[in-house]
Amino acid sequence: MPFWKNLSVIRKIVQLLAFVFLVYGSVVVGFYSADKLSGAFPILSCAYDAKTADYCVLIPLQHQFGHRLGPALSAGMFSLSVMLPILTTLGTFFILFVVLNKAFCGWLCPLGFFQEVLGMIGQKLRLNRVESLDPKLVDRIRPVKWLMLGFLVLLLPLASGLGFVAPELGDPFCKICPSRILTSLAAGQLNQLYIDTSSAGYMALSIIADTMFGLILVLSLTMRQPFCRICPMLALHAVFKKVGLVKLSKKYTPRCDKCGLCSKACPMDIREIHTSKETDILFPDCTLCGRCVEFCPDEDVMALKYAMIPVFVSSPKYFKARNLAQRIWEGKKVAPRRMKDA
Amino acid sequence: MNAAALIGATLAAALCSFTAAEAAMHWAPAPVEHSSGHGGHGGHSRNAAKPFMLVEGDGASLSLINPKLNATPVTAERSRVAIKPTGMGNYHALVATRSTGEQHESAIRYIYMSGEPSGESPSRLVGHEKSELEIEPAPLAREHWRYYSATEAVFILRFRGKPLADATITLATGNGTTSEFRTDVRGRVTVPLPEDFSMIKPGRAGNKPSEFVVTASHSDGGQTYITTFSSAYSVNPKHWQSTELGLATVLGGMLLGGGIITIGRRRRKEKT
C-alpha cells in the first residue's frame, strides 16, 4: 500500500507537522505565543513551552476561574464582564472545535502523538504489547477524565479563587500535566521538570506530575494512549461533540455482530463502536483517529464525514491493503485474509 | 501592614537603592495600597489602575501606546501615574520622553493590561519605534516567562530604528548590582541578571520581585540620547525547584510503570 493512501501514515505526518508547529512554532510566528492564534487551542500545547506558537485552552480556563471568577464571587461583584473572558475562551475553543471536532486529539495533540510514537517504538522493539485493555478496567478508567475536568480544571481553581483551598490549587491540572513537561523538554527547557519543595502542596503536585510522566514513558511502549484515557480535554471535547463538523458514522449490518475488528483497532478500546446500531458512533472517548474505519472490512459500513460529506469510507479493498501494511510494519508473516492485531 | 503595602514599601526601598549615577529617567512601580500584580500578568485586581512613578523625570512628556500602536497622553501627578485599563488586553508601552537643549531622554516600560483581545502580537509593539534611541527586549519576558535572577536577558539597542553596534549599556538593579556591557555588531547585548537577592524564602509568593534598569546613551551630531528600559525580575525558582529530584521522580514513575506491566502480564498469564 503506498503511504499516501494509508490514513494512519497521513495522520502521523499531520501529527508530526502539528507537533513541530505547536512546540517550535514561535520560531516562525514569533516568540512564546507572541503571535498566538487563540490561547484557546483544544489540545495539550503548553504555555510553559517558550517556543510554542499557541497554547492549550486549559491554562486560561483555570486562570479565569481562579483569578477572576473566584475573587469576583468572593467579593460579591459577579457581572457579565467577569464572565466575558471565560466566554471568550470557550467561544474561541468552540469555533476551533467546530472545525475539527475531536480530531484535535487524534490528529494534532502533541502528547497524543508522543504516546503513539512510543507505541511504535514498543512495536519495533517487539515488546509484549497489550492491544486491548480488559473491558472492566476500561469502564473503571472512563469516569476519570470527567473528574479531571470537573475537579482539576474547574472546581479547584474556582475554590482557590474563592479562598477555600490553597493557592497551589489555582491551576492544578497544569501542575500535573505531562504535556507541560514533554513540550518544554522538547523545546530544550529543563525548567518544568522539577520537584518543588516550597510547600507540601506544590511538592505533592510536582511528584504526581513527574511520576505520571515516567509512567507514560513506560506504559506507552506497551499499551495504547495511556494518558489520553484520563485527559480532561477528551471530556471537554465530549461536551461539544455534537456540534463538530467531523463525524464518525456507521451503517449497522448483521455482519458487524460477528466481526468486531473496529473495536480491536480502536486505541481507546471503545467496544461500543462494534456493538452500536446507531448511525452516530462518536463516543466520548473517541479521538477521531479513523482506525476503526480503516480496519472495517465491509463496503461503506463506517465513514469519517466532514459536514455530512464522506471523506473516508470503509472498503474491503482498503482493508486488505491496510491489513497487509500493518502486518509488514509489525514484521509478521504476511497473511492478509484476516486481521488479528490491528 | 498588609501584603500589598509591604510590596509597595519594598519596591520603594528598591527604587531608592539606585545610585544617582545610575538613575537616568526610568519607570518603576509606585507603592500601592492594593497590589495589581506588579504591573504584570497575574494580578488579582485586574480592573484597578496600575500605578507607576517616573524617577528623575520632571518635565517629561508621557504617553501610553496600546497594542494597536495608538498613543494616548498620560498625566502625572508628582511623578506618579495611574494607568487605567484601556479596554484592550495585552501589553502596552508606557513611554516618557524629554528634550532639554542637546539632550534627548526616553524611558520605556511594558505593562500588561487586561481587556478584550487586541488581536495584535506584543512583538509589534516592542518593535515599534517609540524613541530615537531605544532598548528593545528581544524577546520581552512575559506571561509565564519572567525575568529571573541568574538568567540572561537579551536586548537590541536601536538608534533611529537601526541596530547600534559597539555601544555601552549599563544594568542597575534594585538590589544594588551595577554592571556594563557592550552591544555586538547586530546591536544585541546579553545581560546576565544577577543573583543578588538576599534572604530568599521557598516559593514565589514569599519573595518580592526587585527592579532592574538598563540604560544606554549615544551621541550623534552634537546631540546626546539617553534611554532606559525597566522591568521587574524575580528570584530564580531553582532555589526551591530541584531538577535532579524531578529526574529521579520520573525514573521512579518509569519503574512503577515497569511494575504495572509485569503484574499485568502475570495476571494475563494466570487467566490463560
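This note goes through a predicted model of two chains, point by point.

1. **Chain A, overall.** Chain A holds 17 helices and four strands. The C-alpha trace spans about 65 × 45 × 40 Å along its principal axes. Buried residues come to 52% of the 342. Among contacts in chain A with a separation of 6 or more, 67% are between residues 24 or more positions apart.

2. **Chain B, overall.** Chain B has three helices and 18 strands. It has 272 residues, and 40% of them count as buried. For contacts in chain B with a separation of 6 or more, the share from residues 24 or more positions apart is 63%.

3. **The main core.** The largest nonpolar core has 97 residues. Those that touch the most other members are Ile43(A), Cys56(A), Leu58(A), Phe104(A), Cys262(A), Cys292(A) and Cys296(A). Helix α11 of chain A, residues 200-222, supplies the largest share, with eleven residues. Take Leu58(A) as a place to look. Beyond its neighbours within four places in sequence, Leu58(A) is in contact with Val153(A), Phe173(A), Cys174(A), Pro232(A) and Met233(A). In general terms, nonpolar side chains tend to be buried together in soluble globular proteins.

4. **The second core.** A separate core of 47 residues also exists. Its members include Val55(B), Leu62(B), Tyr91(B) and Tyr147(B).

5. **Helix α12 of chain A.** This helix covers residues 232-240. Pro232(A), Met233(A), Leu234(A), Ala235(A), Leu236(A) and His237(A) are buried in it. Two of these, Pro232(A) and Met233(A), are in contact with Leu58(A). The cover over the buried residues of α12(A) includes α3 (58-74), α4 (80-100), α5 (103-108), α8 (144-162) and α9 (172-176) of chain A.

6. **The sheet in chain A.** Three strands form an open sheet in the order β2-β3-β4, with antiparallel pairing. The edge strands are β2 (246-250) and β4 (309-313), each pairing on one side only. On average, neighbouring strands are turned by 35° against each other, direction ignored. Strand β3, residues 302-306, is joined to β4(A) by four bridges. Within this pair, Ala303(A) stands opposite Val313(A).

7. **Strand β1 of chain B.** This strand runs over residues 26-29. His26(B) and Ala28(B) point one way, while Trp27(B) and Pro29(B) point the other way. All four residues are buried. Strand β2 of chain B, residues 50-55, runs antiparallel to β1(B), and four bridges join the two. Pro29(B) faces Phe52(B) across this pair.

8. **The contact between the chains.** How many residues does each chain give to the contact? Chain B gives 33 and chain A gives 36. On the side of chain B, the elements with two or more residues are α2 (122-127), β18 (241-242) and α3 (243-271). Helix α3(B) gives the most, 17 residues. The residues on this side divide into 15 nonpolar, 15 polar and three charged.

9. **Strand pairing across the contact.** Strand β1 of chain A, residues 195-196, is antiparallel to β18(B). Two bridges join them. The bridge partner of Asp196(A) is Gln241(B).

10. **Backbone points to check by eye.** Ala138(B) and Pro139(B) are joined by a cis peptide bond, with omega about 5°. Pro139(B) sits in the loop between β10 (133-137) and β11 (152-159) of chain B. Leu288(A) is not a glycine, yet its phi is positive, about 55°. Its loop lies between α15 (272-275) and α16 of chain A. Leu288(A) counts as buried because it has 24 C-beta neighbours inside 10 Å. Asn90(B) is also not a glycine and has a positive phi, about 95°. Asn90(B) belongs to strand β7 of chain B, residues 90-100. With 23 C-beta neighbours inside 10 Å, Asn90(B) counts as buried.

11. **Phe295(A).** Is Phe295(A) buried or exposed? It has 24 C-beta neighbours inside 10 Å, so Phe295(A) counts as buried. The residue lies in the loop between α16 (291-294) and β3 of chain A. Phe295(A) and Pro2(A) are 293 residues apart in sequence, and their C-alpha atoms are 17 Å apart in space.

How values were computed
Residues are numbered from 1 along each chain as its sequence is written. Chains are lettered from A and ligands numbered from 1 in the order in which they are written. This is a predicted model: local features need pLDDT of at least 70, side-chain atom pairs count only at pLDDT 80 or more; totals for chains, interfaces and linings use all residues. Two residues are in contact if their C-beta atoms, placed from the backbone, lie within 7 Å. Ala, Val, Leu, Ile, Met, Phe, Trp, Tyr, Cys and Pro count as nonpolar, Asp, Glu, Lys and Arg as charged, and the others, Gly among them, as polar. Two strands pair if DSSP finds at least two bridges between them. A residue is buried if 20 or more other C-beta atoms lie within 10 Å of its own, exposed if 12 or fewer, and partly exposed in between; C-beta atoms are placed from the backbone. A nonpolar core is a set of buried Ala, Val, Leu, Ile, Met, Phe, Trp, Tyr and Cys residues joined through C-beta atoms within 7 Å. Axes are lines fitted to C-alpha atoms, for helices over the stretch in contact, and angles run from 0 to 180 degrees between N-to-C directions.
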